[in-house]
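Subject: Structure handover

Hi,

Here is the structure for you to look through. My notes follow below it.

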Amino acid sequence: MLRSGFRSRIQPCVGRSIARGITLGPPSIGPSNPVQEDPREDESSKSNDSTGSRVLESGLTTLASLILLAAGGYSYHKYYKWLVLHKIEKSFGPGDPALRFHHNRHTTRDASALDHHFVLRDEQYEIDAMVRGERAGSYYLIIGEKGNGKKGMLLNAMHAVEGENVSIMDVHPDVEVFRIRLGKVLDYEFTEDFIGGLFSIKGQRDAGPLLDIERAFNKLEKVAVRHLTRKGADHRPLVLIFNNMHLLRNDPEGNDLLELLQQRAESFASAGLATFIFNSDEYWVFERMKQNARRMELLPVHDLPKNRALAAFARYRTLLHNGEAPTQEQLDLVWHACGGRLSFLAKVAKAPSIEKRCAQYLRQEKTWLLSQSALIPDFDDDVLDDGKWQAGTFSLAQALVEEEKRRGGDDEGDRLVSLPLHECRRIATRADFMEKLDALNLLTIDAAANVRADSRAMMAAFREICAEDNFQDMLDNVKDRCDAVESLHRTRELVFKGIDEDPGRGNVRVWYERYSGEPGQSRVDAGDTKTQAQGADEEDEEDPFVQASRRED
């Protein structure tokens, strides 16, 4: 107990001694007061070391993040460019969206599926070779009347190759819509789906549609080069078809787009990378492209000749109406109304009554002609351009009818009567009328610059209108009215005021020159204006200017 009590008393004293810095035990040899380190210096050095390490750690972390971000961005950029080319290349693979909407199948018996397949045209073999890529080194312009089967032959050729290495698009007059349709055909988004565009100040569409179209063709060029490298000796060029080229506007914007397409067609054809095929219903596209054409080949497509057209119609009619073949009178009526136009033949063949459908079609064409250009005698002087349009249209119609009569009637021939384009421009007295008449399907201009009626039904309307009793009188009246209005617009009227009110102010003299070149003088005195005016009328009875003025009045 004593020992334990002694320990309990000693331990608190030792604790207090240690707290006061007293060291128990034998005294140490040396200085009695050793140097002690300042704890604040240790803390500052430790804080400096920790700050430097944190800065270094932050810098390394930022550098690593930037490296990873740059590597990720570069990898995504390379992947996106590869993906764009891969999607464009895949768009030329087997199958095409246009083929899904084309009902021209060999296995179906539906009427709408056989519209353009009941006859095989001679041009089909050439178009098949184009679409298969066997015509490398050139690009093509297919031109012909509306409804004679140009697009049907192109789709048939695409079916033969199952759409491999070929795409087709319909042209639109608006360049923005054209841009979207081209992107759809090539499966190209014009970098609008690029994530990097979120950090771009300028939008993807700020450059304009033409630059986007140029960018799309740059991508197509890279795809064509890859296709050439991969195929090697078995390479065949890619084929891109532009349908309805005539829908482009013949204005500066439309001409710029047409020139861009032609330049690309020339460059692709010269390298053998791709073949462009342009399909048009109107002549002005050929006239515009001919200026810069070096590798362009022209393929005109006309209506079927009479024997083939009627044989195809009879076979098609028999197929659709349970073996009921048309009579010879019905075939003659069909040829008189429709000719060799496939679209018209298909509509008549599906109709229950051939006679009613042909009569309806003839009536529709005549109504269309009169609604676009009807002779209006004594028209108002504010519509001089309309009068010139009427006179020019029916002057051409009359010239075609007279040419047909001069040749002894050409209704039974394979082709309608025609006149040269330059002669028609002289007849119409205007060169710009021809393009509008072609666009309205009143007249058509073929690849040889010959002008004829757009169809046999339109030619029948020309004959019927020109055979009317008062046709020549109305045409002459419209022409005379055009001359009178033009003369009226060129005439200036001089009005002298105050002559009768103040006779003493003097005389008014009007000088003129006769056609013979002899100078003449007409004098009007303020004092006796009426008498002298009557004398001047008697003296100038034979003056041509006075006579023209009276006609205007």
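Start with some terms. Helices (H or I, at least four residues) and strands (E, at least two) are DSSP runs, numbered from the N terminus. Axes are lines fitted to C-alpha atoms, for helices over the stretch in contact, and angles run from 0 to 180 degrees between N-to-C directions.

This is a predicted model: local features need pLDDT of at least 70, side-chain atom pairs need 80 or more, and totals for chains, interfaces and linings use all residues. Numbering starts from 1 along each chain as its sequence is written, and side-chain values use heavy atoms, without hydrogens or water.

First, a helix pair. Helix α12 (residues 342-350) packs against helix α13 (residues 354-372) at about 140 degrees, with the axes 8 Å apart. That makes α12 oblique to α13 (under 35 degrees is roughly parallel, over 145 roughly antiparallel, 65 to 115 roughly perpendicular, the rest oblique). F344, K347 and V348 of α12 meet I354, R357, C358 and Y361 of α13. Contact means heavy atoms within 4.5 Å.

Next, a sheet. Three strands form an open, antiparallel sheet in the order β6-β8-β7. Strands pair if DSSP finds at least two bridges between them. The edge strands are β6 (419-420) and β7 (443-445). β7 is joined to β8 (residues 450-453) by 3 bridges.

Last, F276. This residue lies in strand β4 (residues 274-280). F276 is buried, at 1% relative accessible area (buried is under 20%, exposed over 50%, partly exposed in between, with a 1.4 Å probe and protein chains only). Among the residues that F276 touches are Y139, F217 and L261.

Best wishes

Note on methods
Lists of a residue's contacts leave out its neighbours within four places in sequence.
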